[in-house]
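Welcome! Open the structure in your viewer and get ready to select a few residues, one stop at a time.

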Amino acid sequence: MRKFTFDTVDGCELIFSHGDFVVFSGKHPWIFRKDGAYVGKIKNICRAYKMLFLPNNTVFMDGSGDRSYHYVSLDTGEVLWSLPKKGKRCLPPYKSAVSPDGSTVYYLYCIGTSFGNEYIDTIVPEERLCMARKTPIAKGSVCGFFCDKDGNLCIMRRVVCSNDFKLYKLNPTTLEILSCEEFTDASTGNSEVVGDDQHILFNDWNVYSLRTG
C-alpha cells in the first residue's frame, strides 16, 4: 500500500489549517492530520479555494472548479453532502461567513453580467438545506461579510466614488436591514482588502480603526 505524506501533495495552491488538521488545496484537496497522518484526497472536489471550518471536525468547501458546495468530514475525508451551485456566477464578491454556533453558512455572490444583482445563499449543512435570496442593498463594493457575536449577518460596503463605508446589519433569517452605520476613512484612500465592524485592512497593509478614526 502506498504511503502518502506531505511531500506527496502535488498542485497545492493554498493551505488551510484548523485544530489537528491541515488541508492542502489545489486541483483537489488533500487532508492530513498535523502529525503527518494521511486522511484522504478528494478527487470529486475541484479548486476549493474557500473553506469554512465547522463543528465536529467538519469543513464547508466551495469548489469553484466543479461549481458545487461540499460538506466534508475532516476525520475521514468523506463528502457528507454536495450541492451544485445554481445560476451563472461571473463577478465578485464571492464572500462567505458562518454563524457563531457554526450551524449555518452564508455565501454572497453575484449572478449575471452586471454588478448589483447579488444574492445570499443560506446553507444548513447538517439539514442539507440551501436557500437563495437577493440582498436588500447592492450598491458599493463589499469589503466585509461576516456574522457578529449576536448572530446578525453583516455587510461592509464602500460607498461608490468616496472614502465612506457603510456597515449594514441584517436579520439572518429574513435579510431585513436592522441598522446601518456610516464611517469615513480620512487616510490614504488605498483599496480595501477586508473589513469587519472594528477595522479595515487596506492593500498597503495599513489598518484603519472604524471606531476611533
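## A tour of the aromatic rings

Begin by selecting Phe 32, which is buried, as its relative accessible area is 0%. Keep in mind that you are looking at a predicted model.

Now colour the protein by confidence. The average pLDDT is 90, and 92% of the residues score at least 70. Which elements have the lowest and the highest mean pLDDT? Strand 17 (residues 192-195) has the lowest, at 79, while strand 3 (residues 30-33) has the highest, at 98.

Next, turn to the aromatic rings. Searching the whole structure gives 12 aromatic pairs. For one of them, show Phe 24 together with Phe 32: the ring centres are 5.8 Å apart and the planes meet at 85°, and because planes over 60 degrees apart count as edge-to-face, this pair is edge-to-face. Is Phe 24 buried or exposed? Phe 24 has 10% relative accessibility and counts as buried.

For the last stop, select Phe 165 and Phe 202. Phe 165 is buried, with 0% relative accessible area, and Phe 202 is buried too, at 2%. With ring centres 6.4 Å apart and planes at 70°, Phe 165 and Phe 202 make an edge-to-face pair. What does this pair tie together? Phe 165 sits in strand 15 (residues 164-170) and Phe 202 in strand 18 (residues 199-202), so the pair links parts that are 37 residues apart in sequence.

Key. Residues numbered from 1 in each chain as written. Predicted model: local features only at pLDDT ≥ 70, side-chain atom pairs only at ≥ 80, totals over all residues. Heavy atoms only, no water. Phe/Tyr/Trp six-rings, centres within 6.5 Å; stacked < 30°, edge-to-face > 60°. Buried < 20%, exposed > 50% of the residue type's maximum accessible area, 1.4 Å probe, protein only. Helix = DSSP H or I, 4+ residues; strand = E, 2+ residues; numbered from the N terminus. pLDDT = per-residue confidence, 0-100.
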